[in-house]
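User: I have a two-chain model open and would like to go through it piece by piece. Can you take my questions as they come?
Analyst: Go ahead.

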Amino acid sequence: MAHPARHSSMLSTSNNVQTAAPQTEKQLPTPQIQTPSQATPGLRVPSNRKTIYDRHLNRSRNAELSRASFAFLFGEMVTYAQRRVTGIQDLERRLNEQGYPLGLRLLDLLFYRTISTSSSSTLTSSSTSASPPNRPLRILPLLHLIHGPLWRLLFNRPADALEHSVSPDTPNEYMITDNDPLVNTYISVPKEMNQLNCAAFVAGIIEGVCDGCGFEAKVTAHNQPTEMWPSRTIFLLRFGESVMEREKVLERAGVK
Amino acid sequence: MSYYFTILSPTDAPLFNIAFGTSKSGGDGIARFRFPEASQNTYMTQFIINSSLDMLEEAQWMNGNMYLKHIDTYPPAAAYISAFLTPSGTRFVLLHQPPQPNIPASATTSGAAGSMSMSLSASTSSSSTGGGLFGGSGSSGRTSSSSIAANPTAPQTEEAVRQFMSEVYEGYVKTVMSPFYRRGMEIKSPVFRGKVSAAGRKWL
């Protein structure tokens, strides 16, 4: 029962990414390719003979998705998540889960695109260490990756602020601020649910990126309206104990 | 040169396996592994690859590059392990075994391995492996010194493996971007398999 609906929600999640949007159409032939049989004669190729492997991943790099269709799809996702939920927290958890697999994917896509552009610009130089970006090993490079490249990939601009918790009790908490999150632009939250922030979906994406990099984290979205920015949202990243421990070890080892 | 390439998920589940031989310098692209016992050929590669995961996890946090280069060696079988790590923690591990062991094997074991390779090369009429076996280690080292197979830790080899890994990474990202693929699923697409073996032919 939940399964086909899950697929449709997955499709709409990939629509959220403006730059990756046209991939929805190119991903459709996949079930035909991944037939259980390994043999080539049983392989069914789409009529234009183009599988997802024949298409270039940078093709949709600068393509943008219509904001109206995104707003519609995201509204549907929220409505879908709202079914059978027990409360606001449960709804936010569901939105978070919708974003999580997207974060894992975007991470790989982000690095792939950085490699392919840097290698094409420096095609003649054979140095291997100069061009490819490094995987984040410490928390700070990871946060910069989210704050800069990831935000640009999703929303075409960097996030507005990056802060570390000042409280000595919670050194594992970091905050990323977005003054006007795109996902909340066309969402009106009823008064009785004013705790709800649908950017929990974006929090899920961030969580997927952190987890993918090996930084176990819990990410939540919180409303922090100001006079100027009524829909200002703070994403609170809480890293797990294992991450903080490793951070100390790496700091001693001098890894940046 | 024989290769065994594996993709392992962050939780060590194998997602993809392929064995192939070199296509450079007259190779026919068929893997011929030499292990002390011929019966070990099917599983020793996987065993060696999985045993190198500890080294990989150590290197993972010391080196931020995606391509971790040559990380481990298994001297008894003269097997070399190179690794590539995607940002999302998936490991690409390539085992490569040069055509002739760098350490002299005992007479009985090399005889067993030799007879197996001979029967294989006779059927495909490939000369590179068979010639090396008949000529002994000295001549094989001379004939293949220009190919990447001769020296598994040379910069040219590292570069060739890096190119191979980058090409596989492209295919991997395309697989992952499919909405029907979930993390930890086996990669069954024959198109992907074809891409990987094409990359192997091209670079290794």
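User: How many residues does helix H7 of chain A have, and how far does it reach from its first C-alpha to its last?
Analyst: Helix H7 of chain A (residues 200–212) has 13 residues and reaches 18 Å, close to the 18 Å expected at 1.5 Å a residue. The expected span is 1.5 Å times one less than the number of residues. Helices here are DSSP runs of H or I with at least four residues, strands are runs of E with at least two, and both are numbered from the N terminus.

User: Before I go on, what are the ground rules for this model?
Analyst: It is a predicted model, in which local features need pLDDT of at least 70 and side-chain atom pairs count only at pLDDT 80 or more, while totals for chains, interfaces and linings use all residues. Residues are numbered from 1 along each chain as its sequence is written, and chains are lettered from A and ligands numbered from 1 in the order in which they are written.

User: Fine. How many residues of H7(A) are buried?
Analyst: 13 of the 13, so H7(A) is largely enclosed by the rest of the structure. Buried means 20 or more other C-beta atoms within 10 Å of the residue's own, exposed means 12 or fewer, and partly exposed is in between, with C-beta atoms placed from the backbone.

User: What follows that helix?
Analyst: A:Gly214, with a positive phi near 95°.

User: Step back. Which elements does chain A have, and in what order?
Analyst: Chain A has eight helices and four strands. From the N terminus they run α-α-α-α-α-α-β-β-α-β-β-α. Of its 256 residues, 34% count as buried.

User: How do the strands of chain A line up?
Analyst: The four strands form an open sheet in the order S1-S2-S4-S3, with antiparallel pairing. Strand S1 (161–164) and strand S3 (217–223) of chain A are at the edges with a single partner strand each, so one side of each has no neighbour in the sheet. Neighbouring strands are turned by 20° against each other on average, direction ignored. Two strands pair if DSSP finds at least two bridges between them.

User: How many bridges join S1(A) to S2(A)?
Analyst: Four, and S2(A) covers residues 173–178. A:Ala161 stands opposite A:Thr177 in S2(A).

User: Which helices pack on that sheet?
Analyst: Helix H6 (residues 139–155) of chain A lies across S1, S2 and strand S4 (233–239) of chain A, at about 15° to S2(A). H7(A) packs on the sheet too, touching S3 and S4 of chain A, and its direction makes about 160° with that of S3(A). Angles run from 0 to 180 degrees between N-to-C directions, with axes fitted to C-alpha atoms, for helices over the stretch in contact. Contact means C-beta atoms, placed from the backbone, within 7 Å.

User: Where does H6(A) bend?
Analyst: At A:Ile146, by about 30°, and a proline, A:Pro149, follows within four residues. The bend is the angle between axes fitted to the seven residues ending at a residue and the seven starting there. The buried residues of H6(A) include A:Leu142, A:Ile146 and A:Leu150. Just after the helix, A:Asn156 takes a positive phi of about 70°.

User: Another phi: what is it at A:Arg84?
Analyst: Near 60°, a positive value in a residue other than glycine. A:Arg84 is in the loop between helix H4 (67–82) and helix H5 (88–121) of chain A.

User: Is A:Arg84 buried or exposed?
Analyst: Exposed, because A:Arg84 has 8 C-beta neighbours inside 10 Å.

User: Over to chain B. How many helices and strands are there?
Analyst: Six helices and five strands. Buried residues make up 42% of the 204 residues in chain B.

User: In what order do its strands sit in the sheet?
Analyst: S2-S1-S5-S4-S3, in an open sheet with antiparallel pairing. Strand S2 (14–21) and S3 of chain B are at the edges, each with a single partner strand, so one side of each is left without a neighbour in the sheet. The twist averages 20° from one strand to the next.

User: How many bridges join S1(B) to S5(B)?
Analyst: Seven, between S1(B) at residues 2–8 and S5(B) at residues 91–97. There, B:Phe5 has B:Leu94 as its bridge partner.

User: And what does helix H2 of chain B touch?
Analyst: Helix H2 (residues 53–60) of chain B touches S3, strand S4 (79–85) and S5 of chain B. Helix H5 (residues 155–177) of chain B lies across S3, S4 and S5 of chain B, at about 115° to S3(B).

Definitions and conventions
Contact = placed C-beta atoms within 7 Å.
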